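Biologist: I would like to learn how to read a fold from its coordinates. Please take me through one example.

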Amino acid sequence: MTSLDLTGYQDPLTIQRVLHGARTIAIVGLSGNELRASHFVGYYLKRHGYQVIPVNPREPRILGETSYPSLTDVPVPVDIVNVFRAPDALPGIARDAVAIGAGSLWTQFGVVNAEGAQIATDGGLTVIMDRCLKVEHARYVGRMHWLGFNTSRITSVRGGLQ
């Protein structure tokens with residue numbers, strides 16, 4: 001098995017361009033379970049003004065939105081297809097993303113599949129792989145402080161024991 005070089009799929013300028021140009025994000029594998037990472041990411045993105053479209057055949061509604069059984073059932077244009085599925089599902093998802101004319105295919109941590117990336121690239125999609133959309137949004141849109149959160153407070157007062 002050959003190792004896939006992910007460098008080309010993790011370019012910071014490409015990530016920023018995709019984030020700033022997107023308004024609609026279809027999340028394949030979005031869970032209704034609040035304890036799942038996909039749910040937290042969807043909730044975060046929705047709070048930050050994105051239209052989040054759940055794609056999960058097992059649930060009719062997630063995060064107050066209609067959930068669709070597959071990408072090809074989504075009735076509106078999609079800027080980013082965000083994938084929370086096993087790597088072996090990526091080629092089929094990439095084909096669907098190309099078929100609906102999505103702008104980009106974004107896979108979460110651990111979702112790495114060379115065939116899926118090639119299908120999406122050949123279909124004209126920008127591919128970002130093995131990166132968390134929420135983390136990258138926080139990094140580039142200013143929602144992350146060096147401690148991991150934005151305190152929105154500037155102070156010279158030291159905390160703790162003095």
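Modeller: Start with pairing: two strands pair if DSSP finds at least two bridges between them. Helices (H or I, at least four residues) and strands (E, at least two) are DSSP runs, numbered from the N terminus. Here 5 strands form an open sheet in the order 2-1-5-6-7, with parallel pairing. Strand 2 (51-55) and strand 7 (126-128) are the edge strands, and each pairs on one side only. From one strand to the next, the twist averages 20 degrees.

Biologist: What kind of model is this, and how are residues numbered?

Modeller: This is a predicted model: local features need pLDDT of at least 70, side-chain atom pairs count only at pLDDT 80 or more, and totals for chains, interfaces and linings use all residues. Residues are numbered from 1 along each chain as its sequence is written, and side-chain values use heavy atoms, leaving out hydrogens and water.

Biologist: How many helices and strands does the protein have, and in what pattern?

Modeller: The protein has 5 helices and 7 strands. Along the sequence they follow α-β-α-β-β-β-β-α-β-α-β-α.

Biologist: Over how many bridges do strand 6 and strand 7 pair?

Modeller: Strand 6 (residues 104-107) pairs with strand 7 in the parallel sense over 3 bridges. Trp106 stands opposite Ile128 in strand 7.

Biologist: Which strands does helix 1 touch?

Modeller: Contact means heavy atoms within 4.5 Å. Axes are lines fitted to C-alpha atoms, for helices over the stretch in contact, and angles run from 0 to 180 degrees between N-to-C directions. Helix 1 (residues 12-21) packs on the sheet and touches strand 5 (80-83), strand 6 and strand 7. Its direction makes about 110 degrees with that of strand 7. Helix 3 (residues 90-99) lies across strand 1 (24-28), strand 5 and strand 6, at about 155 degrees to strand 6.

Biologist: Which residues of helix 5 are buried?

Modeller: Buried means under 20% relative accessible area (1.4 Å probe, protein chains only). In helix 5 (residues 133-141), Leu133, Lys134, Glu136, His137 and Ala138 are buried. Their cover includes helix 1, strand 1, helix 2 (37-47), strand 5 and strand 6. Of the 162 residues of the protein, 42% count as buried.

Biologist: At what angle do helix 2 and helix 5 pack, and which residues meet?

Modeller: An α-helix has 3.6 residues a turn, so residues three or four places apart point the same way. Helix 2 and helix 5 pack at about 35 degrees, with axes 9 Å apart. Phe40, Val41, Tyr44 and Leu45 in helix 2 meet Leu133, Lys134, His137 and Ala138 in helix 5.

Notes: Buried < 20%, exposed > 50% of the residue type's maximum accessible area, 1.4 Å probe, protein only.
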